[in-house]
There are 2 protein chains.
Amino acid sequence: MATLEDIKYYRSFEPGQTVVWSGDRMDFVASVVSGIATLTQTMEDGRRQMVGLLLPSDFVGRPGRIGAAYDVVAVTPIVMCCFRKKPFEDLMEKTPHIAHRLLEMTLDELDAAREWMLVLGRKTAREKIASLLAILARRDAILHNTTGRRRLSFDLPLTREAMADYLGLTLETVSRQISALKKDGVITLEGKRHVTVPDMGRLLEEAGDDSDGGFLI
Amino acid sequence: MATLEDIKYYRSFEPGQTVVWSGDRMDFVASVVSGIATLTQTMEDGRRQMVGLLLPSDFVGRPGRIGAAYDVVAVTPIVMCCFRKKPFEDLMEKTPHIAHRLLEMTLDELDAAREWMLVLGRKTAREKIASLLAILARRDAILHNTTGRRRLSFDLPLTREAMADYLGLTLETVSRQISALKKDGVITLEGKRHVTVPDMGRLLEEAGDDSDGGFLI
DNA sequence: AAACCCGGTTGATCCATGTCAAGGCGGCGG
DNA sequence: CCGCCGCCTTGACATGGATCAACCGGGTTT
C-alpha cells in the first residue's frame, strides 16, 4: 500500500512568488518545510487582509476542496512538501489517524484565526503590533527550542507593509508604533529587521493579552 | 455497537444564559437544533469580540480538547443536541466518516473565520453592517429554503450591542449605520428587529464583496 | 560616483469612528 | 394607567489612525 512517503514531492518558491492564486484550482496539499508564506484575501479595490501566516510545519490546502480560497505568497525562499490531492485523499480514506491529525491541526488554525479576530476587532494599533511581535517571537522560540526564556531575539520576516496587512493598519501606523515601542524600551532593534525583546512579560502586557499567549508552556 | 443515536441527549437554554464559560472544562460536544448562540472572547478590561455565530445545524466543541476557548451564550431560546465527549470520541475512532465530516465542517468554519478577518480588518462601518446583514439574510434564506430570491425579509436575532461585538464597532455606530442604510433604501425596517432587503445585489455591493457571498447557489 | 529604487521613517492634516450625554419608544409590573 | 427599564436613536465633541507628502539610507544600475 502507498504511504505518504511514496507520494510526496518538493517545490520551492522565491520571495514574492505566488504559490497559489485565490480561486485557482489547487490539485495538491502541502506542508511547509522551511521559509515563510502568507495567506491573503484581496478586495476588488485592492484592500488586502492577511488571514494567515505559514511557518515551517504548517499545512496548506483542504482535502475535499477544489478552489483555493486565498492567495498564498512566499515572503522568504520557501520549500514545501507536496502531495497530489487525489492520492492523499485516498490515503486519508484508508488511514484514519491522518484525518484525525488533520482535524486537530485545523482546529488549532481555527483557534488562531479566532484569536486574531479579537486582535483585528478590538485592539489598538500598539496592542496589535505587540501581539504580532509576541506571535513571531513565540514561533521563533519554538523553532529554535528556546521557549521559556524571558529575553528573546529574532528576525522580522515581514516588511512593514505585510505587517500592516496582517494587522488591518497602514504601513505608516506600523512604522510609528514600532518606533514608539522602541522608545518605550519594550523592544530594541538592530537594523530594521532584527528585534530583541528584553522582557517578554512586558511585551505580552502591551499586547493586552490576559493569557501568556502560550509562552510559559 | 453504539451509534450517535444511542449517546445523544438534549439541553436547552434561555436567552442570555451562558452555555459554557471560556476556560471551563467542556465534557460534551453538541450541535444546535434550534435557536441562536454566540461565541465571544473577552479581554480583561471588558472589550469583547464575537468570534462566531451558532445557528441551527452548527457544531460546538472540539473532540480531543478539554477546555473551551470562548464563552458560548444563548441569544434566543436554544436547543442543543449533545454527546458526551468520551463516547463520541470512541465512536469517531471507529467510524471514519464522522471524523471526515467533522473535518469538512471545521474547514468551513475556518473559511468563515478568515472571511470575517477581512471584514474586521479592512471594511468600513457601513460595509461591516452590510456584510453582517448579508450573512444573516443568507442563513435565514437557507433555513427557509428561499435561496435565490432577490428580495428577502428576516428577523434580526441580535441586539445592536451584539452586532457591535461581532463587527468590532460601538453600538452607536451600528445604530447610525443601520439608519443610514435605511435612509438610502438599501434596507427597510419594520420595528427595530425585522429587516427587509428589497435588492440583495445592492446589499452585497454595499458589503464590498467581490463575490456573491454564496447567494447564487 | 551619480542616479535610482525600495523599504522605511517622520511630519502635517483630515476624517471615520469612538465617547459622552440626552432623550425616545415599547413592553411589563405594580 | 403610570412609571420604570432595556434597547435604541441622535447629537456634539474628541481622537486614533488614515492620508498625503517629504525625506532618509543602503543597495544596485549606469
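Into which domains is chain A divided? In this predicted model, chain A consists of domain 1, covering residues 4-118, and domain 2, covering residues 124-206. The centres of the two domains of chain A, taken over C-alpha atoms, are separated by 25 Å. Where they meet, 10 residues of domain 1 of chain A are in contact with 8 residues of domain 2 of chain A. On the domain 1 side of this meeting place, strand 4 (37-42) and strand 5 (48-54) of chain A are the elements that give two or more residues. Strand 5 of chain A gives the most to that side, with 3 residues. Sorted by class, the domain 1 side holds 5 nonpolar, 4 polar and 1 charged residues.

A look at both protein copies comes next. Chain A is superposed on chain B by a rotation of 180° with 0.0 Å of shift along the axis, at an RMSD of 0.0 Å. This is the relation of a two-fold axis. Both copies use the same surface, as 100% of the contact residues of chain A recur in chain B.

The last stop is the DNA. DNA strand D is surrounded by 16 residues, and the closest are Thr124(A), Thr173(A), Thr159(B), Ser175(B) and Ser179(B). At least two residues of the surface near DNA strand D come from each of three elements: helix 6 (171-183) of chain A, helix 5 (160-167) of chain B and helix 6 (171-183) of chain B. Helix 6 of chain B gives the most to this surface, with 6 residues. By class, the residues near DNA strand D comprise 4 nonpolar, 6 polar and 6 charged.

Notes:
Residues are numbered from 1 along each chain as its sequence is written. Chains are lettered from A and ligands numbered from 1 in the order in which they are written. This is a predicted model: local features need pLDDT of at least 70, side-chain atom pairs count only at pLDDT 80 or more; totals for chains, interfaces and linings use all residues. Copies are superposed by least squares on the C-alpha atoms of residues with pLDDT of at least 70 in both. Two residues are in contact if their C-beta atoms, placed from the backbone, lie within 7 Å. A residue is near a molecule or strand if its C-beta atom, placed from the backbone, lies within 6 Å of it. Helices (H or I, at least four residues) and strands (E, at least two) are DSSP runs, numbered from the N terminus. Ala, Val, Leu, Ile, Met, Phe, Trp, Tyr, Cys and Pro count as nonpolar, Asp, Glu, Lys and Arg as charged, and the others, Gly among them, as polar. Domain bounds come from an automatic or database domain assignment.
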